[in-house]
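User: Can you walk me through the labels used for this protein? I'd like to see what stands behind each one.

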Amino acid sequence: MQRIKIHSLLKSGAQNDSVLVKAWVRTKRDAKGFSFIELNDGSCLANLQVLADEHLPNYEEIRKLTTGSAVAVQGRLVPSQGQGQQWELQAAQVTVIGSAPEAYPLQKKRHTDEFLRTIAHLRPRTNKYGAAFRIRSELAFAVHRFFQERGFRYIHTPILTASDCEGAGEMFRVTTLPPGTHKIEEDFFGVEANLTVSGQLEAEMLALALGDVYTFGPTFRAENSNTRRHAAEFWMIEPEMAFCDLQEDMALAEELIHFLTGHVLQHCADDVNLFGRFVDKNLLPQLELLAQAQFSRVPYAEAVEILERSKQPFEYPVTFGIDLQSEHERYLTEQHFKKPVIVYDFPKTIKPFYMRLNDDGKTVASMDVLVAGIGEIIGGSQREERYGVLAERMAQMKLSKEKYWWYLESRQYGSVPHSGFGLGFERLIMMVTGITNIRDVIPFPRTPKSIEF
Ligand code: 4AD
Ligand code: MG
């Protein structure tokens, strides 16, 4: 007999004389002559209630079932007499697949996020983390749907690379050399290699051939900052569009956030409601806003003025030229505009070499999308397509013309205005769940001094 998942079973909404469910025991209550077992198989938030009565041949074994055990139950799905669930499974046969000891760590009481991080191998079995990882899956699907429906091509950019896209010196080195001093020529690639911090430079080459493309893959940054929104390994979505300027780039970023939030509201209602009830009471109104509201747009210079006028006791003082900190970003979006904001035209001194120089000679055609609770969720720009300007900028920033020869050369062969951005996938999940720590939206997070699982 074929197993049916609890999600499909409850969705079918019909009595069924013979079904087979395989799942883990969440709780069990014993009464005189029968037991109720709550089962969860991870296919949805809801548990399935099983009624097992004393006439079952292995009833003694069933009475000893513990939380965390895996079972197979075959029986009849009937409308439930009790409260709290519509359906219940009357067991004709209960088979124990794998038992769990009384010491199983996930007992009924609610655990702290900090404790659950120490049992990352088990926490997906809780309601909260199960919901988070289902939403993660649904969002990944929605990302592809958004771009595929708009004619973008999904491309794969390298994870091992010799270039440093962001130029922030936050790369993990890749080497096959044993510890000790060796010549770089003896190393696997013969040059310094590292894990990619962004697929953008390569994505640009594909955009200049295929038109509209996007990457969606793992990215690595050795930022030694133990914040709640930075991970050493995270996933990034990077669209890149030929014949596209900063205005169109911002429009796409806004449309993407609208789409992804709307998708989650529509397709993950149960899981999202769990977060609305237990994690962030303001989540649902916030998601409605994110799905529909027109984003505010403000040039960096004006954003700085707003921050200066605010008289807020910021930890990092504000003047033109500073990189916005999370506290500044959150003030702008949460207090001042009260909706998502796109800050654009940042000073060139705080941005990477590839961003297009504006006519003022001081700022670049860049943009950051800021949202409540997180701050920056998207960073993007129009790229410098003018060979001469790019070459000069690289020289100023001491980037090797020899090393990036291929990137420069793309500006000599049919160069066109093009733009793109990067959306941090984990920050997106934080945004739609209200989870405040990036460690809790990644099954096995990597942060400084933490790679146990
Ligand atoms: O602003 P960033 O550094 O932009 C780029 O990497 C560009 N090359 C993107 C592009 O134009 N194609 O990073 C983009 C986004 C950030 O806005 C943030 O959401 C996320 O990536 N991000 C991180 N997420 C988690 N942990 C980290 N350490 C992150 N660093 C960046
Ligand atoms: Mg950025």
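Predicted model: local features only at pLDDT ≥ 70, side-chain atom pairs only at ≥ 80, totals over all residues.

User: What is the overall layout, how many helices and strands?

Analyst: The protein has 13 helices and 16 strands. Those are DSSP runs numbered from the N terminus: helices are H or I with at least four residues, strands are E with at least two. The C-alpha trace spans about 85 × 55 × 45 Å along its principal axes.

User: Why is Phe188 called exposed?

Analyst: The cut-offs are these: buried is under 20% relative accessible area, exposed is over 50%, and partly exposed is in between, with a 1.4 Å probe and protein chains only. Phe188 comes out at 61%, so exposed is the label. Phe188 sits in the loop between strand S8 (173–174) and strand S9 (193–195). As for the whole protein, buried residues make up 50% of the 453 residues.

User: What makes the nonpolar surface patch with Phe188?

Analyst: Ile159, Leu160, Phe188, Phe189 and Val191 make that patch, about 490 Å² of it. To join a patch, a residue needs over 30% relative accessible area and no salt bridge; nonpolar side chains (Val, Leu, Ile, Met, Phe, Trp, Tyr) are joined within 5 Å, like charges within 9 Å. Phe188, at 61%, passes the accessibility part.

User: What about Glu254 and Arg297, buried or exposed or partly exposed?

Analyst: Glu254 has 8%, so it is buried, whereas Arg297 has 34% and is partly exposed. Their side chains meet in a salt bridge at 3.1 Å, N to O. The pair links distant parts of the chain, 43 residues apart: Glu254 in helix H6 (residues 246–267) and Arg297 in strand S12 (residues 296–299).

User: How many salt bridges does a search of the whole structure find?

Analyst: It finds 20. Among the linked residues, Arg145, Glu149, Arg150 and Glu255 form a network.

User: Why is H4 called oblique to H13?

Analyst: Helix H4 (residues 127–149) and helix H13 (residues 425–433) pack at about 120 degrees, with axes 10 Å apart. Under 35 degrees is roughly parallel, over 145 roughly antiparallel, 65 to 115 roughly perpendicular, and the rest oblique. That makes H4 oblique to H13.

User: What stands out in the phi of Lys338?

Analyst: Lys338 has a positive phi, near 60 degrees, in a residue other than glycine. Lys338 is in the loop between H10 and strand S13 (341–347), and at 58% relative accessible area Lys338 is exposed.

Note on methods:
Residues numbered from 1 in each chain as written. Chains lettered and ligands numbered in written order. Heavy atoms only, no water. Areas by Shrake-Rupley, 256 points an atom, 1.4 Å probe, with all protein chains shown as cover. Salt bridge = Lys/Arg side-chain N within 4 Å of Asp/Glu carboxyl O. Axes fitted to C-alpha atoms, helices over the stretch in contact; angles between N-to-C directions.
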